[in-house]
Amino acid sequence: MTGAGVGGILLVSTVYLSEVWPAKSRPVALGVLATAFPVGIVATGGLASGFSDWRVAFGIGILPVAVSLLIALFLPESVSWQQGRKQLQAQSSGIFSADNKANTLSGAIIFGSVLIGLWGIFSWIPTWVQTLLPPDRRVRPNGVLP
């Protein structure tokens, strides 16, 4: 469920920002958004390493959930989205209609591949880095240096 939530918010936030941000500085805002995801993962790992009990670190994860709920409740839909929704209702063809089947499948495959790639990178690179360290500097499974 977390992966679906993260994947969904990556896509939704990028599209929303593209629709509402002024065109002049849009590339910079999207670049900041793109780099904020891995920076957040590293920051979360650093924050979690400061707690001896994983439950406390896990509980801090409620903060982003609360912020996302507030955003969902109070952030207005963009004008582009509202216009597109009206056109979609007039055409009455949904995302899973025969007309949109190819775009839906290709989009799901492309974005799914990106998510799997990110998962692989963030899951396996720390293990690989550990193998590059001398044996006396490797972190033990309990997170303690020898």
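**Surface patch and helices**

Tutor: Ile41, Ile121, Phe122, Ile125, Trp128, Val129, Leu132 and Leu133 make a nonpolar surface patch of about 690 Å². Patch members have over 30% relative accessible area and no salt bridge, with nonpolar side chains joined within 5 Å; a salt bridge is a Lys or Arg side-chain nitrogen within 4 Å of an Asp or Glu carboxyl oxygen. Areas are Shrake-Rupley values with a 1.4 Å probe. This is a predicted model, where local features need pLDDT of at least 70, side-chain atom pairs count only at pLDDT 80 or more, and totals for chains, interfaces and linings use all residues. Residues are numbered from 1 along each chain as its sequence is written, and side-chain values use heavy atoms, leaving out hydrogens and water.

Student: Which helix gives the most to the patch?

Tutor: H6, with six residues. Helices are DSSP runs (H or I, at least four residues) numbered from the N terminus.

Student: Where does H6 kink?

Tutor: At Trp124, by about 30 degrees, shortly before Pro126. That bend is the angle between axes fitted to the seven residues ending there and the seven starting there.

Student: Switching to H2, where's the kink there?

Tutor: At Ala36, also about 30 degrees, shortly before the proline Pro38.

Student: How many helices does the chain have?

Tutor: Six, with zero strands. Buried residues are 6% of the 146 in the chain.

Terms used
Helices (H or I, at least four residues) and strands (E, at least two) are DSSP runs, numbered from the N terminus. Buried means under 20% relative accessible area, exposed over 50%, partly exposed in between (1.4 Å probe, protein chains only). Patches are made of residues with over 30% relative accessible area and no salt bridge: like charges are joined within 9 Å, nonpolar side chains (Val, Leu, Ile, Met, Phe, Trp, Tyr) within 5 Å.
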